[in-house]
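Please consult the sequence and the structure shown here.

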Amino acid sequence: MINYSIAMMGNPAKPDDPKKAYGVAQYTEKMTLEKFSEHISEHNNVYDAEDVQAILGKAVKCLREMLLAGKKVELGKLGEFYVTLQGKGTETASKYNPDICVEKVNVVWNPGKLFENLKEDAAFNFVASRNEQEEAKRKAKAQKGDNGNT
């Protein structure tokens, strides 16, 4: 189930246009590597959570190593990973120095077929926005303080 809230957002390219309502995904929790490894190990896996975590950790380290070596890494159904460069340009190619001009090396994930669009398998549940949830918590806490309850 994917929780979502609604936010009124404008088009930055057209600031005078009226804002429109858009759905914004709201995650229910941030799953740590430890929890994700445990989840994987519970799927009739011969590896326990510690083994899965070690394998995933090594995969991340190796993926980073291969990207820094200039490789595009294809991971089957997960998709492909590669780098792009972000920075400033120079008047001529001969003046270009990556040590000065490259400001950021971005990792791009090009999802595989299973991840291109999850809508077909998704179910949606409307929830309050994070700001509205925080406001409700503040009000509840203030009411407890007003009633003498802690």
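## Basis

Helices (H or I, at least four residues) and strands (E, at least two) are DSSP runs, numbered from the N terminus. This is a predicted model, in which local features need pLDDT of at least 70, side-chain atom pairs count only at pLDDT 80 or more, and totals for chains, interfaces and linings use all residues. Residues are numbered from 1 along each chain as its sequence is written, and side-chain values use heavy atoms, with hydrogens and water left out.

## Sheet

Three strands form an open sheet in the order E3-E4-E5, with antiparallel pairing; two strands pair if DSSP finds at least two bridges between them. Strand E3 (73-74) and strand E5 (102-111) are the edge strands. E3 pairs with strand E4 (residues 79-87) over 2 bridges.

Leu-78 lies in the loop between E3 and E4. Its relative accessible area of 35% makes Leu-78 partly exposed (buried is under 20%, exposed over 50%, partly exposed in between; 1.4 Å probe, protein chains only).

## Salt bridges

The model has 6 salt bridges, each a side-chain nitrogen of Lys or Arg within 4 Å of a carboxyl oxygen of Asp or Glu. One of them joins Glu-80 and Lys-72 at 3.3 Å, N to O. Glu-80 is partly exposed at 24%, whereas Lys-72 is exposed at 53%.

Another links Glu-134 to Lys-137 (3.6 Å, N to O). These two residues are separated by about one helical turn because they lie 3 residues apart in helix H4 (residues 130-146).
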